[in-house]
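Have the sequence and the 3D structure open while reading.

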Amino acid sequence: MQKILYVEDDPGLIDGLQYTLESSGYAVDNARTVREALALFQNGRYDLLLLDVTLPDGTGFDVCRKVRSSSTVPIIFLTASDQEISIVKGLDMGGDDYITKPFRLNELLSRMKALLRRSLQFSRAETILEANGIRIDTAERLVWKNGRPVDLPLAEYRLLCLFMQNPNHLLSRELILDRMWDGNGNFVDDNTLSVYIRRLRNKIEDTPNAPRYLLTERGIGYKWVVA
């Protein structure tokens, strides 16, 4: 049974969503503060985190930042704000998806299933990918740059694998969204993809503002160039 850490302090939301998740076959732990969330995460093993942004002693961003220092577990933000700055902030610090309140339960469940399915697929892979000083062990989901470990959250990791599995091929934005989000492009937009690309460049390029490997074809897509 897959286990979810649900971080939310509103009693009116907790009971309903927790009941829905458990009825859908998930085991659910609830934390109502940043402190509770980090304590549960440290002592448990979770397949996915659902993080509310506003919490009594901090924010879901605080939880995400701490979790990302040691784990690539999938993270979905639940936020009352649809402002781009909040969304970009969550994705920039390692969130894999976001959904704004109020949301449809079926949509949340669909996003969770897609994210969990992709995470499981990558964890079962047994291929070593290597080019341009970047090495990926997909069996362990580990990444190195010039022999040094690189911490990539799941979305960036999926992107890097996709590019390295298709060297020197121009991948359109539409194709990337289709591969990354199971063909449901409405779950993200071009701005979100651009955030992921920028974050990935900052970690794998020697000079992110003048990339050598992950190149952009304006208005078309991206290419992973291997000499």
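## Second largest pocket

Helix H8 (190-204), strand E13 (214-217) and strand E14 (221-224) each put at least two residues into the lining of the second largest pocket. The model is a predicted one. H8 gives the most to this lining, with 4 residues.

The second largest pocket holds about 200 Å³ of space. Its lining numbers 13 residues, and Arg173, Arg201, Thr216, Arg218 and Tyr222 are the closest to its centre. By class, the lining of the second largest pocket splits into 4 nonpolar, 4 polar and 5 charged residues.

## Largest pocket

The largest pocket has a volume of about 700 Å³. There are 25 residues in its lining. Nearest its centre lie Arg45, Ser71, Thr72, Val73 and Arg141.

Which elements each supply at least two residues of this lining? They are helix H5 (105-124), strand E10 (142-145) and strand E11 (148-150). H5 gives the most to the lining of the largest pocket, with 4 residues. Its residues divide into 14 nonpolar, 6 polar and 5 charged.

## Packing of H6 and H7

Helix H6 covers residues 154-164, and helix H7 covers residues 173-180. The two pack at an angle of about 120°, and their axes are 11 Å apart. H6 is therefore oblique to H7. Their crossing is right-handed.

On the H6 side, the contact is made by Ala155, Arg158, Leu159, Leu162 and Phe163. On the H7 side, Ile176, Arg179 and Met180 take part. The contact of H6 with H7 has 6 nonpolar residues, no polar ones and 2 charged ones.

## Packing of H6 and H8

H6 also packs with H8. Here the angle is about 80°, with the axes 10 Å apart. H6 and H8 are therefore roughly perpendicular to each other.

## Cavities

How many cavities of 30 Å³ or more does the structure hold? It holds 2. The largest cavity contains about 70 Å³ of space.

The largest cavity is lined by Val53, Phe61, Phe77, Thr79, Ser86, Ile87, Gly90, Leu91, Asp97 and Tyr98. Strand E6 (75-79), helix H4 (84-92) and strand E7 (97-100) are the elements that give two or more residues to this lining. H4 provides the largest share, 4 residues. By class, the lining of the largest cavity has 6 nonpolar, 3 polar and 1 charged residues.

## Recap

H5 gives the most to the lining of the largest pocket, while H4 has the largest share in the lining of the largest cavity.

Note on methods: Residues numbered from 1 in each chain as written. Predicted model: local features only at pLDDT ≥ 70, side-chain atom pairs only at ≥ 80, totals over all residues. Heavy atoms only, no water. 1 Å grid on protein atoms, 1.4 Å probe; cavity = no way out; pocket = protein on both sides within 12 Å on 5 of 7 lines; lining within 4 Å. Points joined across faces, edges and corners; volume = space filled by probe spheres on them. Nonpolar A, V, L, I, M, F, W, Y, C, P; charged D, E, K, R; others polar. Axes fitted to C-alpha atoms, helices over the stretch in contact; angles between N-to-C directions. Parallel < 35°, antiparallel > 145°, perpendicular 65-115°, else oblique. Left-handed = near helix turned anticlockwise from the far one by under 90°. Contact = heavy atoms within 4.5 Å.
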